[in-house]
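Trainee: I am new to this structure. Please show me how to read its features.

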Amino acid sequence: MNTQSTTLLVIGGGPGGYIAAIRAAQLGIATTLIEGEQLGGTCLNIGCIPSKALIHAADEFEKACHYAADSALGIHVQSPRIELAQTVRWKDGIVTKLTSGVAALLKKNGVQVIKGWARIIDGKTVEVQQNGAESADAVAVSAPLRIGCQHLLLATGSQSVALPNMPFGGPVISSTEALSPSSLPRRLVVVGAGYIGLELGIAYRKLGAEVSVVEAIDRVLPAYDEDLTKPVAAALQRLGVKLHLGCTVQGLNANGDAVRVRNAQGEESELPADQVLVAVGRRPRTQGWGLESLMLDMAGHAVKIDDQCRTSMRDVWAIGDLTGEPMLAHRAMAQGEMVAEIIAGKRRHFLPAAMPAVCFTDPEVVVVGQTPQSALKAGLDCIHALFPFAANGRAMTIESTDGFVRVVARRDNHLIVGWQAVGRNVSELSAAFCHSIEMGALLEDVAGTIHAHPTLGEAVQEAALRALGHALHV
Ligand code: FAD
Ligand code: NAD
């Protein structure tokens, strides 16, 4: 067996692992990264990027269909059609551009990338099994390779949760298959009205599928507060997405062409389906690669970490989805960067004041920091105010007046502790929200900042003004 050694060994080349490797190499740490599939991980290959590409294509197609039916803007379009194979090729092109960019960055920074599946031998030794062909950017091992390391960073990400009564296979698909459709199902049943179920459910509806969503809780996006999700629920209704809330799925019917659903009263019905997208959550990828041999402390299904991403074993670190919620790419990246810096001797802790979460539904939802309800639960005495996009000129010009921006601040000193927004393109407001919280801004700071006109961002300033009792446009 071949052997080699390195200072930092990273298992997993997703956003957590590849960022950690790049930063470590920048800081002069000898770094090896092992990736079993594709660099970029879930995020670039089967997650954030392909889903946002498909959502964009669906938005554009729906817009064209809308103009074909209604020309209030004076735009006329005739019989738009979509060639799905070309859409998927376009999406794959973006993925390839980004994943090869990651490979180039790793190479440029001097990270050794090994293509293969890692198996943990002990906290300082990993074995790599051959997987795939050698490329310009990655070494593929022909015989098992043993790598010794001083620091081991675990970044193996997460996997879709399957339903025991309706496992993946045939018509039952996960987000991975839903992101590379060979044809559009006429009838799609989505199980789970969370991030994936609604982002992709809405996209499929806009592409022309009949979409039904089954959700166990009695409202959509149950992780968000109800005021924020109401405009999303209204949009789902407008789009013709059928909601089955407070319902559980019992499995496929005998013919395999319908989903059996039970409501809160115990009544059963069948929802005809050509395809079923199961999106009931993701689980840290902890099995099949020897992790159990380290006997690390766990937090439920996730690897337990402290605020420096240290596990319960010295010099074994864990980041990203493997460490549980929130399973978001930007969290994985921030953790990865921090771990590299700690290993290089810098003093860092992972205690962000602002961790944004964005749901790319139509309308989009953004949450940063405390909501009025979470502030109350945390014992904070807060004020909050919201500014509706119905009173924002820019929102009118883009025909998107649904939604609002809400600010939450401490009553005593007006320190801003949270922002939420729902509306078209509000994902882009998340930067301003995070900046104000991380910089310790007061309501007066935001209210006193000149915001460009006409922009959706004016609603941010107006929400702060309203919290101070003197909104100008409402
Ligand atoms: P991953 O990205 O999962 O990467 C882990 C890598 O480790 C994989 O490449 C895997 O092949 C590799 N690996 C695993 N085991 C081994 C082993 N034994 N040996 C070698 N390699 C191994 N997050 C957002 O913030 N915004 C979004 O818009 C968003 N959209 C999403 C849409 C979908 C459909 C999905 C599924 C997820 C989405 N996410 C989004 C979540 C985001 O993708 C994850 O939070 C993020 O990818 C986690 O990064 P990670 O580095 O922890 O793990
Ligand atoms: P989720 O946790 O967002 O939603 C799962 C939904 O399924 C919940 O509403 C839950 O109540 C429901 N559910 C669970 N079991 C059910 C059952 N048996 N029958 C009916 N409903 C059931 O999970 P997801 O949508 O699969 O996404 C997984 C993770 O991926 C997210 O938590 C998030 O971390 C990440 N993600 C993020 C983004 C983003 O940031 N925009 C997008 C997609 C995915």
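**Reading the packing**

Mentor: Start with helix α13: its buried residues pack against β22 (382-388), β23 (404-410), β24 (416-423), α11 (430-438) and α12 (443-447). Contact means heavy atoms within 4.5 Å. Helices (H or I, at least four residues) and strands (E, at least two) are DSSP runs, numbered from the N terminus.

Trainee: What should I know about the source?

Mentor: This is a predicted model, where local features need pLDDT of at least 70 and side-chain atom pairs count only at pLDDT 80 or more, while totals for chains, interfaces and linings use all residues. Residues are numbered from 1 along each chain as its sequence is written, chains are lettered from A and ligands numbered from 1 in the order in which they are written, and side-chain values use heavy atoms, without hydrogens and water.

Trainee: How many residues of α13 are buried?

Mentor: Buried means under 20% relative accessible area, exposed over 50%, partly exposed in between (1.4 Å probe, protein chains only). In α13 (residues 458-467), nine of 10 residues are buried. Among them are Val460, Gln461 and Leu465. Glycine 469 follows α13, with a positive phi near 95°.

Trainee: Why is strand β6 largely enclosed?

Mentor: Seven of the 10 residues of β6 (residues 145-154) are buried, so the rest of the structure largely encloses β6.

Trainee: Which way do β1 and β6 run?

Mentor: Two strands pair if DSSP finds at least two bridges between them. Strand β1 (residues 2-11) and β6 run parallel, joined by nine bridges. Leucine 9 has leucine 152 as its bridge partner in β6. Three bridges join β6 to β19 (residues 316-318), also in parallel. There, leucine 154 stands opposite alanine 318.

Trainee: At what angle do α1 and α8 pack?

Mentor: Axes are lines fitted to C-alpha atoms, for helices over the stretch in contact, and angles run from 0 to 180 degrees between N-to-C directions. Helix α1 (residues 15-26) and helix α8 (residues 329-343) pack at about 30°, with axes 7 Å apart. The contact includes Tyr18 and Ile19 of α1, and Met333 and Gly336 of α8.

Trainee: Is methionine 295 buried or exposed?

Mentor: Methionine 295 counts as exposed, at 70% relative accessibility. Its phi is positive, near 50°.
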